[in-house]
There are 4 protein chains.
Amino acid sequence: MSIRVAGIPGSLREGSLNKGLLRAAVELAPAGMEIKTYTGLGDIPPYNEDVFAKGDPEPVAVMKAAISEADAILISTPEYNYGVPGVLKNAIDWASRPAGKSVLNRKPAAIMGCSPGLGGTIRVQHALRQTFVFTETYVMVQPEIKIPSAAPLFDSSGRLTDDNTRQHLKKFLEAFVVWVQRFKS
Amino acid sequence: MSIRVAGIPGSLREGSLNKGLLRAAVELAPAGMEIKTYTGLGDIPPYNEDVFAKGDPEPVAVMKAAISEADAILISTPEYNYGVPGVLKNAIDWASRPAGKSVLNRKPAAIMGCSPGLGGTIRVQHALRQTFVFTETYVMVQPEIKIPSAAPLFDSSGRLTDDNTRQHLKKFLEAFVVWVQRFKS
Amino acid sequence: MSIRVAGIPGSLREGSLNKGLLRAAVELAPAGMEIKTYTGLGDIPPYNEDVFAKGDPEPVAVMKAAISEADAILISTPEYNYGVPGVLKNAIDWASRPAGKSVLNRKPAAIMGCSPGLGGTIRVQHALRQTFVFTETYVMVQPEIKIPSAAPLFDSSGRLTDDNTRQHLKKFLEAFVVWVQRFKS
Amino acid sequence: MSIRVAGIPGSLREGSLNKGLLRAAVELAPAGMEIKTYTGLGDIPPYNEDVFAKGDPEPVAVMKAAISEADAILISTPEYNYGVPGVLKNAIDWASRPAGKSVLNRKPAAIMGCSPGLGGTIRVQHALRQTFVFTETYVMVQPEIKIPSAAPLFDSSGRLTDDNTRQHLKKFLEAFVVWVQRFKS
């Protein structure tokens, strides 16, 4: 069996640590799991229900297809202002519609994040979990990846080089395989 | 003494109830308070630190000026997916930079919201309060305005017509005057 | 197959609506599910790690046994001061120890609640979900039961008599059967 | 002018780091501020509205008096299971009654905490801030004290010896003086 995962970064910044964390996940994905990174976040227009009523703009349709084709989603996101980056939340707001029949409904998910400072993305992860109650998205409970003081764990090209973190990420992804399978059937 | 308030809606939808609530606030503002609604939310680009590093895009500069010139801000917002509308959070992410010296720092604020359903915007208000801890924005503690089942309180033109709600909003704004004055000096 | 559920009320009050909601759940439990209400909440001493180090006090041991013997837990709780009732959280603090090997670990759970006012226990439910991330307790995502203005739904003896609510509770419990079974194996 | 502060620890453990943090605050309180530690947390019975209806039990009356006589409160608390220690929340549940006329209403407050692990009490502090919206308790917004990996900052007798942390705590308390004065009048 093969599990297709849509990897979604929460930041648009070129040198984003969380993009680096997601690249490491792509690299470390266990046999039977393929993570494909969604790269269109910067193209999603501001959510407007009046626009939605006329049909999804092209970039939104592309994002929904990426999620729909996947068996699960993996979000790697920074925390902005003790909350979800507006850019990421705006994409989720689009993806969540129509409510109850969206591409997020009953989709397994995992959330991870790292921060340059001490917070380790603790708050954004809880905020996303709260949002995913509404969309009935099944977020893996444990283990968690929330890494503080993360900059030194990456090399100058943005590659995650810290061994402990790579091991932890590998176990996280192995647990994610088990989690996703719980919800297959 | 006169208090200038920047009114910020959290939704782009034309017929938004929360825009209606904000219009009612403009109308009911007590003597000595003037609420000027910021209308550029739909023009704010997705927050990208690389873009920020090169300077604020024009619509961001306009928003920051609107907040900077005001003594306080008043947010009227719906709740999307048990959280802050991405559109609004994205604007706050821009407004919050540079961290520690932003237009949000040490600015008094109030948050209100209404919902068509039962939630009454409870969750989005707590999420915004959490964000405003980071930005050191002083959110009024009580009273709160979080109105469930709000559609029937407005007429077909989107005017808040319910008398109890108008009275409650009036008291909310009077308390806001007192709150803002606490932080003047 | 039979599912044994430990029903845990969040309030000590004799006439608690949430105790009434739990009684209704006992009554409406689908075939194959038996809900046994834990009634010792008032006997749990204040959590103190020094006491824990010497061994669980008798009432704590009783509670842990009740949870341990069950396949799942069902919490019915009011919201106190926009958060978890201290009484309930204190019991969870005991139940959560030793961390990683507690009776809460990998246990399926569901949370429900009703309130006399408008909040419908929205906040306490999110706070409990957050706590249950730490304990790796698997809380059912949807449907939710969070009922505002609940007093008129019960008769003077504290029996849930409102038909819509009873139907909703029945579906909630049927979904809970499916949820619990996902985590058996 | 003199500011009397009721210091409230969130843990009952003898060797609690957060008790140590509170002792350091007592020691470092700026001229004009006196912090008196409340030590009766372990005596507060489980909150029960039926008991409250008959009158506050003696230990509750003592706690309410300690808060009532103070100009402000200072909480130093660990985080239990990603939330507020039940023991502390139970005390707050008592202190919050009667709602709207309690000893917590319109009382300035500050929250601090340290943890042996990485979390730094981030979550419990947000949960308390949420609770204090209900009670209209005015929690200082910035600076924050939320210290991860805190054990090495204390000596074997539980005294906070780390110089940076002591400096930070001193500034925190000086800011608290300013915050409390805003709400005097």
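This is a predicted model: local features need pLDDT of at least 70, side-chain atom pairs count only at pLDDT 80 or more; totals for chains, interfaces and linings use all residues.
Residues are numbered from 1 along each chain as its sequence is written, while chains are lettered from A and ligands numbered from 1 in the order in which they are written.

**Chains A and D**
- The contact here takes six residues from chain A and six from chain D.
- On chain A's side, that's three nonpolar, two polar and one charged (Ala, Val, Leu, Ile, Met, Phe, Trp, Tyr, Cys and Pro count as nonpolar, Asp, Glu, Lys and Arg as charged, and the others, Gly among them, as polar).
- Chain A lands on chain D with a 180° rotation and 0.0 Å of shift along the axis, at RMSD 0.0 Å (least squares on the C-alpha atoms of residues with pLDDT of at least 70 in both copies).

**Chains A and B**
- A 180° rotation with 0.0 Å of shift along its axis also puts chain A on chain B, with RMSD 0.0 Å.
- The two copies are thus related as by a two-fold rotation axis.
- Within chain A, A:G86 has the C-alpha nearest that axis, at 2.2 Å.
- In this pairing, 30 residues of chain A are in contact with 30 residues of chain B.
- α2 (49-54), α4 (86-95) and α5 (122-134) of chain A each give at least two residues to the side touching chain B (helices are DSSP runs of H or I, at least four residues, and strands runs of E, at least two, numbered from the N terminus).
- The largest share of that side, seven residues, comes from α4(A).

**Inside chain D**
- Helix α1 (residues 17-28) of chain D has 12 residues and should span 16 Å at 1.5 Å a residue, which agrees with its end C-alpha atoms being 16 Å apart (the expected span is 1.5 Å times one less than the number of residues).
- Its buried residues include D:L17, D:L21 and D:A25 (buried means 20 or more other C-beta atoms within 10 Å of the residue's own, with C-beta atoms placed from the backbone).
- Among the elements covering the buried residues of α1(D) are β1 (3-9), β3 (72-76) and α6 (163-182) of chain D.
- Leaving out residues up to four places away in sequence, D:I73 touches D:V5, D:A6, D:I8, D:I67, D:K107 and D:A109.

Technical notes:
Two residues are in contact if their C-beta atoms, placed from the backbone, lie within 7 Å. A residue is buried if 20 or more other C-beta atoms lie within 10 Å of its own, exposed if 12 or fewer, and partly exposed in between; C-beta atoms are placed from the backbone.
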